[in-house]
Amino acid sequence: MDSDGTHDARGTHADRVPRPAGPPQVPPRPAQAPGAPPLPDGSAFLTWLRTPRPEAAPGVWRFGHQPRPDEEPDEIPTRQLLSGALIAFLVGWLIWSLLQNRYLGDWWWVPLYLITPDSWRGGDSQIGNFLVYRGYELLVALAIMVAVGRVGRWSEVWRRFAAPHFRRRRPQQAAPAPEEDPAQWNQLRAAGAADAAERLGADARAGLMRDVDHARITRAWQGVRSGRHSLATFTGAVLREGAAACLHPSGERDLPGRLARHDLVTGQVRLGTTADDPRNPYAYRGTGLALGPDLLGTSLLAVGPAGSGKTGAVVWPLAESLCLHALAGRAAVVVVGAAGAGLGPVDAYDVVVRVGNPESVYDLDLYGGTTDPDEAAAVLAEALVGDLTDPHPSGESRRSTTVLAQLLGPYRAVHGRFPSVPELRQLLDGAPGPLAALRKALTEGGQESLLRELDARERQLGHPGDVGSVLADRVALLDRPAFAGFFDTSGQSRPFSLRALDHPVRVRIDLPQRGHADASRILARLVLAQFAASVAVREDRSLFACLVLDDATGLVTPDAVRGIQRLRSANAGVVMTLRTLDDAPRPLRSPLLGAIGCRVALSGLTPWDGQDFAEVWGKEWTEARDVTDRQIIAETPAGKAVHMLRRVITGNAPTARAVTVRQVERERWSASELAHGVPPGHAVLSLTSVRGEHAPPLLVDLRNPGG
C-alpha cells in the first residue's frame, strides 16, 4: 500500500505471472500435414467416368458428344427470317387497326352474336358486358397473332434467337443405376471378384483413382479375361494396393504434365475442333477432332512448312497420348526427333537415348537386338543405302544386303558378336589385316561355308559396281569422334533395342542435327527399319506399338513404304511429318499416300503438294446451281412505264432469273484451295480406321484443342 493509501496497480513480477487454472490444453491433431492441399472427394473423377461416350464417326471426340443429323436441315437465312417476321407483325397490326376502326365493317362480330345469348350482351351489368366484348376482341387478336405468327415463322425466331438466352443451366448428371454404373466395376462382380470391385469403387469415391489408374486396371482385367493373368493374382493386387495396383514398371501413375486433352476410356486425344464450314459434312461441324490407336493403326502423315504446327499441334499431343497409354499398359511408343524439338520432358519417358551426347545413359543397338546375320544385314542395308535404292524393285538393295551378310556372318561366328562401327568400316574398305585375321580364325574353326562367303566378298573388292565402297562411305558418317562412345557391341554399354516393344515402354531418341544431318537420317532409317522388323515378330500383339518420327526427310524408301503397309496387321503404326512432299522421291509419293490411312495437310502447303493430296482424296458428286438473268422486254406502254420506273428506283434493268440445278463431279479439295484456302492454325485431314471406316477430308482448327 502506498503512502496515500492506494494499492500499486503494477504489483510485483510474481503477481503479474498468470497461474494456470488447470492442466494444459492439447490442440487437436490436424487431419493432414500442414500446407498439404485438401483431399479430393472423387466427384470430379466420377463425373468424368460417367459422362456418356456415344458411338460416333471416325475422328469425333466422343466424350460428352451430342450426335447431329447427317444432313443439314433447311434453315432460312437470318435476314430473310427476321424481315419476314417483322412484315408479318406489321400486317397483323394493320389488320387489327382496320378492324378496330371499322374500315372492314362489323362482320367480324357475327360469330359473337351467333354463339352467345342476348342476355349476355344486353344485360345491365357493365362488368359482364365488358368481359364478353373485350374477351371476344382478345380472342380475335389472338387468332390474328397466331395466323401472322405462322406466316412469319415466329416460332423459328424464338428458337434461334430468344430461347438460348432463357435456357436453364443443365442439372448435374444423376448417378446411373448400379448395374450401369462404370464406377461399380460390374464386370469384376460378375466374375466373382466382388471384394476387388468394392475396393476400387471406394478408392474412386475417395478421390484416390485417376484416369490412368482406371485404364491400367481395365487393361489388367482384360489380361485376366484372356488368360494371361490369374484371377487370384489380380484380386490380391487390387485388395492390397487399390487404385495403385498393377503399376507400370516405372512406378509412375501419370505424366509430369499434360498439354492436350485426353480421354483414356475411349483412348482418344483431342487435337482441335472441326470448323463450321460448308465443305465439312454437317455431322462433323463444330465437333471435337480426336485420334486414338484405332486410327493411328493405319499410320499418319502430316505435311506442312516450318511453323505450321506439325510438332506442337500434332506430334507432341499424339506422343503424350501414347505415353499415357504406355502407363496404362496398352501401348509401346518410340519418339524420334532432333534434340530440343519440343517432344516433351525427359521425365515423361522411361528410356532416353541421346545419340552423340556423352551424358546419355542409354546407347542405341545398331543391329536391333537380333542374332541372325541375314536379318541384321537387311536392316542395316536399308539404313545405310535405302535412300539410294531405285524406287522400283531391283537388285541394288539385295546386293547391299548380301555384301553386309558376307561380313557379319563370319565375324559373328568368330567373335560371338557383330562388329562395331570402326570394325565394320575396315571390313567394308577391304583392309588386309582384319580380313586376314578373320580368314585365319575361320580356317582354324573349320567354317567352310563362312569361308566361301568371305572369299566371295574379297573377289568383289575393287570391281566396278561394288556397293561395298558406298556402304563404307555411309558407315564412315557414323565413325565420327562425336559417336565414339555409341553403337557399342562389346556389352560395356546399355544399348536399347526395339525388341523391347513387347513391353509398354516409353522411349525417346534424340538425334544430332548440327553437323551430322546425314548421320541423323541414317539413324532414323535404322530405327524405322528395326521397328518394322520387330513389331512383325512380337508374341503379344494386343499391345499397340507406335513410332513417332518428327521429321521424316530422307526416310521414305521403297522398303519403308512396304513396311508401313504391313504395320496395320501387326497392331502398329507410324506417325511421320514432312515439310513438303518434295522430301520424298517423286515415284514414291503416291504409294506413300496410299499406304498411310490418316493424311494431314497443314496450312501453307504448296500447290504442287496440294495436287498430290487432291489426287489421293479423289472427287465427289455435288449439286451445282447455274443462275441466269434474262432481261425482260415490255411490249405495252404500261409495261414500259413500269420498267422505266423500276430502272429509276433500282438502277438495273428488269430481269427474270432462271436457276438450273445439276449434278457434277468435282475434287473434294482442290490444289488451289489447299494452298490458299486453309487459314493459319488449321489443317485438312482425312482419316481411316483399322476397321476400314473412313472420314472425308475435314477442315480442322488446331488452335483450340480443348474445345
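**Aromatic pairs and confidence in a predicted model**

In this predicted model, ring pairs join Trp96, Trp108, Trp109 and Tyr136 into a cluster.

Colleague: How many aromatic pairs does the count come to?

Modeller: Rings pair if their centres lie within 6.5 Å. By this rule the count comes to 13 aromatic pairs.

Colleague: Is the pair of tryptophan 108 and tryptophan 109 stacked or tilted?

Modeller: The two ring centres are 4.4 Å apart, with 35° between the planes. Planes under 30 degrees apart count as stacked and those over 60 as edge-to-face, so the angle of this pair makes it tilted.

Colleague: Which parts of the chain does the pair of tryptophan 108 and tyrosine 136 link?

Modeller: This pair is stacked, at 6.3 Å centre to centre and 15° between the planes. Both residues are buried. They stand 28 residues apart, and the pair links the loop between α3 (78–100) and α4 (110–115), which holds tryptophan 108, with the element that holds tyrosine 136, helix α6 (residues 126–152).

Colleague: Which residue has the charged end of arginine 412 over its ring?

Modeller: A charge counts as over a ring if it is within 6 Å of the ring centre and within 35 degrees of the ring normal. The charged end of arginine 412 is 5.1 Å from the centre of the ring in question, that of phenylalanine 418.

Colleague: Over which residues does pLDDT stay under 50 with seven contacts beyond four places in sequence?

Modeller: The mean pLDDT of the protein is 86, and 90% of its residues reach 70 or more. Where pLDDT is low, the predicted coordinates should not be read in detail. The stretch with seven such contacts and pLDDT under 50 is residues 1–24.

Terms used
Residues are numbered from 1 along each chain as its sequence is written. This is a predicted model: local features need pLDDT of at least 70, side-chain atom pairs count only at pLDDT 80 or more; totals for chains, interfaces and linings use all residues. Side-chain values use heavy atoms; hydrogens and water are left out. Rings of Phe, Tyr and Trp (its six-membered ring) pair if their centres lie within 6.5 Å; planes under 30 degrees apart count as stacked, over 60 as edge-to-face and the rest as tilted. Helices (H or I, at least four residues) and strands (E, at least two) are DSSP runs, numbered from the N terminus. Buried means under 20% relative accessible area, exposed over 50%, partly exposed in between (1.4 Å probe, protein chains only). pLDDT is the predictor's confidence in each residue, from 0 to 100. Contact means heavy atoms within 4.5 Å.
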